Each structure stands twice: as structure tokens, then as C-alpha cells.
Amino acid sequence: MAVADLNPALALLILLLVGSLLQAEADIGVNWGILSTHRLSPPIVVDLLKENRIGKVKLFDTDPSILRALMGSNIEVMVGIPNEMLELLSSSPVAADVWVTQNVSRYVVKGGVNMRYIAVGNEPFLTSYQGQFQSFVVPAMLNLQQSLAKANLAGYIKLVVPCNADAYEASLPSQGAFRPELTQIMTQLVSFLNSNGSPFLVNIYPFFNIYQNTDFPQDYAFFEGSTHPVVDGQNIYYNAFDGNFDTLVASLNRIGYGQMPIVIGEVGWPTDGSFSANLSAARAFNQGLINHLLSNKGTPLRPGVPAADVFLFSLLDEEQKSTLPGNFERHWGIFSFDGQVKYPLNLGNGFLKNARDVQYLPSRWCVANPFRDLTDVSNHMKLACSVADCTTLYYGGLCNAIGDKGNISYAFNSYYQVQKQDERSCDFDGLGMVTFLDPSIGDCHFLVGVNDKSSSTSCRILSWLWILILWVLISAS
């Protein structure tokens, strides 16, 4: 029956419903990183995602314990391939076949993982890599695409490449262009993405504009309007996110793909480790971003068409991340390491809720012994902070003002919790002691570790061992 044959009111209702389905709308997902010694078990994290109705998650590898926990959840999943694997996958179709079999096919079954994307590398074109991975990306994608086709998954799972926003540049959004040394490879990459129905994946961080440039207008990094808007012809930009997004749109248009769908692979704001990284700023940015995306306003170059998907960075704090970019790197989570909400945030379906059934270690802490001379404590502090996370104690950190004894106790306790409260780890040549009274000072929280008995570390070791063996076999053939 044609629409024209229906009752006019019913026909109008159908057309309105179809129109609403076609309207562009950003979906909010999260990045789930695991660089932490205080790891929640994957089933608890999956329950956290479900409880907060977060329907999309981006991973940085293919950790078996996480993928098993995601089976049957119907959460859309993006898995990742580390940059270090690109050379092997680019040179060996056999390696690509084995990788797909081991990390994709075995999980994409009835009642399995709802895997939708494979991220090939992680910002492989980053300027600081000096082209180290650049030549491997497209050949690796070609091999992986063939492997997906052999597994009858090429039409369902899409290959993408997470790109840092330093892949393109311009003084104004409309002048956007990929870096000259990337123009050829980006044209090849985007052609591949376009032919296979994949989006362009980009990471955008307005936080870095403020962190790296003290003259950057603070209000332009957020979404409440700016007294320093960027005027680009007839277009006016009131926030850095839209300006960056449209710089990419212009860059894609310059190589002939101006309508390419764009997914935001990472975007967020840290809560500690820098003066501009705090709870209020993180809440203002993330809530402003979400409201902006869900309004479906789009940007000046793409009005009414926001990013297809947006993955907040990140779900949980990761205290083992490198601090080379800055101490804030360990504090991006919208939840703390133990799945507790850091600040009120509404992703569009209600405010965030805490993780449930978290298994903590006993309520005890390691602190500086008040009866001992702490003059020679510096080496013990260095030891503790080389293993545990002390970034909140440094300049600009939340716990920066708790005093010398507070600093010592915080460092000792952080180390003690990393060591799963092993009694010997609180000795420090007699300078430490265990207490059952919470030593937290104001907003500076002294943590108690979680009791994680997952075996994902051994799984990752086995995964890398498999890669090494495969490399040797291929090299010998």
C-alpha cells in the first residue's frame, strides 16, 4: 500500500516519523582505557555502562576479559589496534587474517559482542611520531579489509583511523588543510574510508589550547559564548570545538570529500593535574559539549549535522598513563578509578550513577609515622611516586596544599594501595605506619584500592606473545 492510499492524518504521521529517523543526531559514547593498577572488574564496568545507558564504547585494544564482559550487552564497541602492530599487519595478509580470527570473529557471534568499528592505530599521524607509522596505515587497512571480507564481516564492521587534530591546520576554519606531508596519504585514506562507508575519526581537545597557550581566550574553550569569537567571513565561531571541527570539514572538502561523516573519537576535560584542570571546568566543558551536540545545531559549515558519534574521554581515571604531556593525563575520567561519579553530568538520559558492587580492599591507609624524624624521607617519596600516582600533589593539583606531612602520607598511601596493602609496603624504614582512620584532608581524598582479581594482564601478555611468534614465523617464511 502506498502512502498516498492511507488516511491523510496517518500518512502525515508516518512522514513525520520517517523524518525524525533521518534527522542527524549525535550519540554519546565513552573511551574505556585500562592503564591503571586499580582496575574494576570488566563485568562491573559493563554494568556501569548499562546503568547509565551508555550505548557506545571505544577500546584501545582487544582485551579478552573486556570483550567477554561485553558479550550480550548490545553495547556498540570500537576495538583498537596499537600503532606497534601496524607494520606487521601492513606487510602480511596472513597476520591480518589471524588478527581478525582471534580478535573479531570469535566474539562477533549470536549473543556476542556488538562490534562496529576497528580503530587501526591510535593517532598514527601525530607530529611527534615523525612519520614512524605513516606508511603502514593504508596497507594495513587494505589487508584488514580483505580479512573482514573473508569472515563475511566487511559490511558490518568498519575500519577507521583515529587522527589527532594536528593532522590539519589553518588560521581560520574555512582555510583548513591537511599538513602538506599528509595530503597524499590522507587522500588515499579518505578515499578508502569513503568507498567502504566508514567515517573520519578525529580527536579534538580544546583543553590543550588553554594548557599550551596562556593567551588563549578562556571562554572560547567552552560553550557559553565568547567575548573573543572567531570571525571567518560570514561565519562566526563562539567555541573552539566548532572551529576545530569545521577546520577538518574544510580540509576534507579541499581533497574532494566535504560530505564525509565525522566521528569524534576523543574529547573531554581533565579534573586534576593543572590549574585549568578541575572539577568545575570539566563539568562546564563536558555538559556544554553534550548540550551543544544534542541540540543538533551542528556547525557553520555543517548546520544541523553534528558529529555522527562522539566518544568522551574518558570513562575512568587511569593513574598509569604517561605524564609526559602533563600531570592531567591521569585525570580525564568522568568517573574516578572506582566508578564513582566525580561531578553531576547528564549525557541526555539522566545524571550519572555510581558503579555498584565495587569490591574494595579493607579500610586502612598508610601514613607518615608522627613519632619519627622525617628529614630523610625524600628517597622513600621518590620510590612511592615512581610506582604510584602522586600527580595531584604537584603544582596545580587538588592536593597541592596539604603540607609536607600530608604529601608524605599521600605518597606512602598511594604506594601502599598499589601494593594491595601488603604490610611490608608501608614500612619505609620505619617512617610509615598503618592507620584505620581516614587521613583525607578536605577535598584531598586518600584512596583505598579495589580488589581486582581479573586476569586481563596475563591475557595482554599472551596477546603480545602471539604477535611475536607470528612475526618470527612470517620473517622466517
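Colleague: Does V231 count as buried or exposed, and at what relative accessibility?

Modeller: Buried means under 20% relative accessible area, exposed over 50%, and partly exposed in between, with a 1.4 Å probe and protein chains only. V231 has 53% relative accessibility and so counts as exposed. This is a predicted model, where local features need pLDDT of at least 70, side-chain atom pairs count only at pLDDT 80 or more, and totals for chains, interfaces and linings use all residues. Residues are numbered from 1 along each chain as its sequence is written, and side-chain values use heavy atoms, leaving out hydrogens and water.

Colleague: How many salt bridges are there?

Modeller: A salt bridge is a side-chain nitrogen of Lys or Arg within 4 Å of a carboxyl oxygen of Asp or Glu. The count by this rule is 14. One of them joins E51 and R356, at 3.3 Å from N to O. E51 lies in helix α2 and R356 in the loop between β15 and β16, so this pair ties together parts 305 residues apart in sequence. Helices (H or I, at least four residues) and strands (E, at least two) are DSSP runs, numbered from the N terminus. E51 is partly exposed at 27%, while R356 is exposed at 56%.

Colleague: Which residue forms a salt bridge with K56?

Modeller: D309 does, with the closest N and O atoms 3.5 Å apart. K56 lies in strand β2 and D309 in strand β15, so the pair ties together parts that are 253 residues apart in sequence. Both K56 and D309 are buried.
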